[in-house]
Amino acid sequence: MRILHAASEVHPFSMTGGLASVASSLPSALRAAGHDAAVVTPLHRQDGIDLEWLDGPFRTPGGMEFGLGRSEIPGTGCPVYFVASNEFFNRPGLYGPSESEPYQDNAARFSFFCGAVLEAASRLGGFDVIHCHDWHTGLLPAMSSLSGGPPTVFTIHNLAFQGTFPMDQYPVTGLPEKYRGIDGLEYHGGFSFMKGGILFADAVTTVSPTYAAEVTTSEGGAGMDGLLLARMSDGGLRGILNGIDCDLWGPEDDPSISPWFTSDSLRRRSGCRQALASECGLEIPAGALLAGVVSRLTWQKGLDLVLPALERLIADRRLVLAVLGTGEPWIEGPLASASWRFPGRVFFKRGYDDPLSRRIYAGSDIFLMPSRFEPCGLSQMIAMRYGSVPVVRRTGGLADTVPDVSGGGCGFVFDSAEPEALREAVGRAAAAAADPRAWRALQRRAMRIDNSWKARVPSYLELYRLVAGGAGA
Ligand code: GLC
């Protein structure tokens, strides 16, 4: 089949979160399975990309000009088409000058992007389906159906970000007046890109089956639950788990870690643990656990629970903690001060550091993800691949990918978003780790779970065939 993906960020060119990983590795996996997948994304201010410019001019349906440059996802042959516009995309941030501050013209920027994707699809020609990711692409389904373009799949990676704008900006969408009302994009007096995607796509997906069920409830639906429930009951909403790119992530040949190991040579892993401890200035008391965190530091991720839950264990020399991540100051602040209060026991690096993240996956005993909600989550799957045993809250994709040890699974799962529940789960992990042979068996089970994209591709293909009406091969 021929599938065009549209996403506002694509690894390794631009990235603020898991969306960029999926927008890169899903098309690559489709290609590896013999399908003709490509990606369209904005040319944010990115240096050093070698672009082959296509002959223009290119114009959105609204008549705005843009450039189209082609590159590839490294090592995969998967084409990436960059939409270039000095007016809208040549800026320091992807969505705003800083993480907490959006650009004032985001409605115009992403309306323009949707129009540009549609034009690129028609110029490149022959697509069976356009696969749209998150709110930034939420106008594409309506635009494509209005202009007789390809059918669309719309994937919700995170319902918390809905692209809602004041109604007086509606004209920048270029959509007809008939979509302005409550049966269209209208949402609490404004209009929402996310609502447009949900309403007008031929099929809607979220990134795990449990999250698909959660978003149809008032607790998990972020105001869109009624709409999503309606789409679920007409068969238009399903959950398909994300995967990870096992060529990019794996302890058997990761250039950032030493020594390499596999599930058959787990004893070697202690070298990675030692190396991580010395890199982070951590001293691990005998019998203590080394807990790792690699995450955006936001309310969603629940990392504010970690210190209240684990301070006692840290003070009692039973646990040391290595945290890598960046985000909201109210979560960063206490982590930074804990690293001063517990020197040698708590390490905190504020930022994004790919090689260090790999050493945390490879060297930690347990990996913490106490998320309040989690559409899918990629880090727990990466951690499992590197033999770090996940301790996670039972929500969204975490519930789907981490079976608890009590049922023969390979992780420690807890229910309530409270420090006490996390402490109890970590306590269970500590008790299990006291038996090294049993612990290695647990790590082996985690490492052998197949979370590769290859395993997920058939579900997407089935859906693409459905929306394309049986077209394509
Ligand atoms: C978002 C979600 C995360 C998901 C990722 C990729 O970042 O918060 O749970 O794994 O998108 O789909």
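In which strand is Leu-297 found? I open with that question, colleagues, and I note at once that the model before you is predicted. Leu-297 belongs to strand S14, which covers residues 289-297. Its relative accessible area is 0%, and Leu-297 therefore counts as buried, the cut-off being under 20%.

Let us look at what surrounds this residue. With residues up to four places away in sequence left out, Leu-297 touches Leu-303, Phe-348 and Leu-335, together with Ile-331 and Glu-332. The list also includes Gly-325, Thr-326, Gly-327 and Glu-328. A further pair deserves mention: Leu-297 and Trp-330 stand 33 residues apart in sequence, while their C-alpha atoms are 9.1 Å apart in space.

I turn now to the overall division of the protein. Two domains are assigned: domain 1 comprises 2-243 + 454-468, and domain 2 comprises 266-451. Taken over C-alpha atoms, the centres of domain 1 and domain 2 are separated by 32 Å. To the contact between them, domain 1 gives 19 residues and domain 2 gives 19 residues.

The ligand comes next. Which domains supply at least three residues each to the shell around the ligand? Both domain 1 and domain 2 do so. The residues around the ligand number 14, and those that come nearest are His-157, Asn-242, Glu-374, Cys-376 and Gly-377. Helix H1, residues 18-32, provides the largest share of the shell, with 3 residues. Sorted by class, the shell holds 6 nonpolar, 6 polar and 2 charged residues.

From Asn-242, a polar side-chain atom lies 2.8 Å from a ligand oxygen. The backbone also takes part: a polar backbone atom of Cys-376 is 3.0 Å from an oxygen atom of the ligand, and for a polar backbone atom of Pro-375 the distance to a ligand oxygen is 3.4 Å. On its own, the ligand has 310 Å² of accessible area, of which the protein covers 94%.

One last residue remains. Is Thr-395 buried or exposed? Thr-395 has a relative accessibility of 4%, and so it counts as buried. Its place is the loop between strand S18 (389-393) and helix H12 (396-401). Neighbours within four places in sequence aside, Thr-395 is in contact with Glu-214, Ser-371, Arg-372, Phe-373 and Glu-374. Glu-374, you will recall, is also one of the residues that come nearest to the ligand.

Thank you for your attention.

Notes
Residues are numbered from 1 along each chain as its sequence is written. This is a predicted model: local features need pLDDT of at least 70, side-chain atom pairs count only at pLDDT 80 or more; totals for chains, interfaces and linings use all residues. Side-chain values use heavy atoms; hydrogens and water are left out. A residue is near a molecule or strand if one of its heavy atoms lies within 4 Å of it. A polar contact is a pair of N or O atoms within 3.5 Å; within protein, one must be able to donate a hydrogen and the other to accept it, and residues adjacent in sequence count only if both atoms are side-chain atoms. Accessible areas come from the Shrake-Rupley method with a 1.4 Å probe; for residues, only the protein chains shown count as cover. Helices (H or I, at least four residues) and strands (E, at least two) are DSSP runs, numbered from the N terminus. Ala, Val, Leu, Ile, Met, Phe, Trp, Tyr, Cys and Pro count as nonpolar, Asp, Glu, Lys and Arg as charged, and the others, Gly among them, as polar. Domain bounds come from an automatic or database domain assignment. Buried means under 20% relative accessible area, exposed over 50%, partly exposed in between (1.4 Å probe, protein chains only). Contact means heavy atoms within 4.5 Å.
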